[in-house]
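Here are my notes from going through this one, as numbered points. Have the structure open while you read.

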Amino acid sequence: MAERTVVTTQVAILGAGPAGLMLSHLLAKSGIASTVVEIRSREEISETVRAGILEHGTVNMLVDSGVSDRVLRDGDRHDGIELRLKGESHRIDFKELVGESVWLYPQTDVFRDLAARREADGGDIRYSVTDTRLHDIEGKPKVWFTGADGVDYELRADFIAGADGSRSQCRLQIPEAHRKWYFHKYPFAWFGILAEAPRSSDELIYANSENGFALISQRTPTVQRMYFQCDPDENVAEWNDDRIWETFRSRVNGNGFTLKEGPVIDKMVLKFRSFVHTPMRHGNLFLAGDAAHTVPPTGAKGLNLAIHDVKMLFEGLDSYYSRGSTELLDSYSSRALDRVWKAQQFSYWMTSMLHTPAYADGFSRARQLGELNSVVSSRHGQAYLAEAYTGWPGAA
Ligand code: DHB
């Protein structure tokens, strides 16, 4: 077999999504070397439509660590959301309730900012690699891969960060006896669209209705992002614009509110699941972001959680390299999982409170309205939602 070209670094990072790039950026600022390998191309990542809400802690990390302050200029600060039930809107005023806000700034822009910063700083990011294989994660780890240049590499590192997304190859390297997986399936999915239309509302609308859930979000003054609850096996080809808008109308219009419509320029079905891999470390492999956990999209926690993992992992690696201490690396998994389970609870709660399964009986539906009412009619209920949505206090 041909010799592999050896590359040596301190931290090998699998995955150049926001988690992998943010980790590489923070490490570089502390003088710690990393190489990022990614099977997708840069174009593919930057063109994938993903969620759009950033917690204030995520925004602070982007700005304070010097990635970019574009989010403050091009993003929109949202001080609240609207919950719509029985055709009536109830505003949850984040600013007033918990003193915080979120930013509407699509994940693709977060990726573009991070990729541009790493490039400007001379970061070693290798897109479009193939045949990645991990070795010796319990000892001196190595990653084998074939570069976009066709060369076979052996990347040697002290640690591997597995930030390779929900179909993570890294987590499969952890022996079954050393891991536990938690799953939850949901009986629905989201039908997501991008439409050329003006904004219907300044803030996001989360609508619960007799006909199912809908979410009205935004992208730009002329392009809007919206979702409605659908069957997990829904076929997008069977949905023309008329049928899509009719579905939205039946879920959000009423009491003086009319959605602004326009041509649908993109449509997709987003599957739901809750998943957690524990622990988030095995030997010298650390998992971060979707590689270790997936949340259903209601409440937009996925990216924020990934950035939080990265902050914790960075602190562990930084204290190891600067002081020789393994304490924060040893506690990484349990510290990260604290927030992961809070976000799992919040995403599950928002999902089950706002969506109605097709088989829901009269009791479940009436109980659900009781639950929604207990949130919108109480300052404490509203504050619980506001605190979780904007991001719990304490780091990122
Ligand atoms: C968006 C996605 C979400 O899952 C959410 O809860 C709010 C907004 C979005 O894509 O804009």
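**Notes on packing, rings and strands**

1. I'd start with Phe272, which is buried, its relative accessible area being 7%. Bear in mind throughout that this is a predicted model. Tyr186 is buried too, with a relative accessible area of 10%.

2. A search of the whole structure turns up 29 aromatic pairs. One of them joins these two residues: the ring centres of Tyr186 and Phe272 are 6.0 Å apart and the planes stand at 75°, so I'd call the pair edge-to-face. The angle settles that, because edge-to-face applies to planes over 60 degrees apart.

3. Another pair to look at is Phe191 with Trp239. Their ring centres are 5.2 Å apart and their planes are at 50°, so this pair is tilted. Phe191 is in strand β15 and Trp239 in the loop between β18 (223-230) and α7 (241-252), which makes this a link between distant parts of the chain, 48 residues apart. Phe191 is buried at 0% relative accessibility, and Trp239 is buried as well, with a relative accessible area of 6%.

4. Arg243 lies over the face of Trp239, 3.6 Å from the ring centre. Arg273 does likewise with Phe275, lying over the ring face at 5.2 Å from its centre.

5. Arg273 also turns up in the strand pairing: this residue of β20 is the bridge partner of Lys185. Six bridges pair β14 with β20 in the antiparallel sense. Which strands make up the sheet, and in what order? It is an open sheet of three strands, ordered β14-β20-β23, with antiparallel pairing. The edges are β14 and β23 (293-294); each has a single partner strand, so one side of each has no neighbour in the sheet.

6. Now the nonpolar packing. The largest nonpolar core has 101 residues, and the members touching the most others are Leu83, Tyr206, Leu385 and Tyr389. Helix α10 (residues 332-354) supplies the largest share of this core, 10 residues. The core also draws at least three residues from each of domain 1 (5-75 + 105-184 + 274-359) and domain 2 (187-270). A second, separate core has 19 residues, including Phe191, Ala214, Phe228 and Trp245.

7. What does Leu83 touch, leaving aside neighbours within four places in sequence? Its contacts are Glu88, Ser89, His90, Ile92, Tyr206, Leu354, Leu372, Val375, Val376 and Leu385. Tyr206 and Leu385 are also on the list of core members that touch the most others.

8. Strand β2 (residues 11-14) is covered on both faces: Val11 and Ile13 are buried on one side, Ala12 and Leu14 on the other. It pairs with strand β3 (residues 34-37) in the parallel sense, over four bridges. Within that pairing, Val11 stands opposite Ser34.

9. Thr108 sits in helix α6 (residues 107-120). Is Thr108 buried or exposed? It is buried, with a relative accessible area of 13%. Not counting residues up to four places away in sequence, Thr108 touches Ile45, Ser46 and Thr48.

10. Last, some backbone details to check by eye. The peptide bond from Thr278 to Pro279 is cis, with omega near -15°, and Pro279 is in the loop between β20 and β21 (281-282). Asn255 is not a glycine but has a positive phi of about 50°; it is found in the loop between α7 and β19 and is exposed, at 62% relative accessibility. Ala300 has a positive phi too, near 55°. Its place is the loop between β23 and α8 (302-323), and Ala300 is buried, with a relative accessible area of 13%.

Note on methods. Residues numbered from 1 in each chain as written. Predicted model: local features only at pLDDT ≥ 70, side-chain atom pairs only at ≥ 80, totals over all residues. Heavy atoms only, no water. Core = buried A, V, L, I, M, F, W, Y, C linked by side-chain atoms within 4.5 Å. Buried < 20%, exposed > 50% of the residue type's maximum accessible area, 1.4 Å probe, protein only. Helix = DSSP H or I, 4+ residues; strand = E, 2+ residues; numbered from the N terminus. Domains from an automatic or database assignment. Contact = heavy atoms within 4.5 Å. Phe/Tyr/Trp six-rings, centres within 6.5 Å; stacked < 30°, edge-to-face > 60°. Lys NZ or Arg CZ within 6 Å of the ring centre and 35° of its normal. Pairing = 2+ DSSP bridges.
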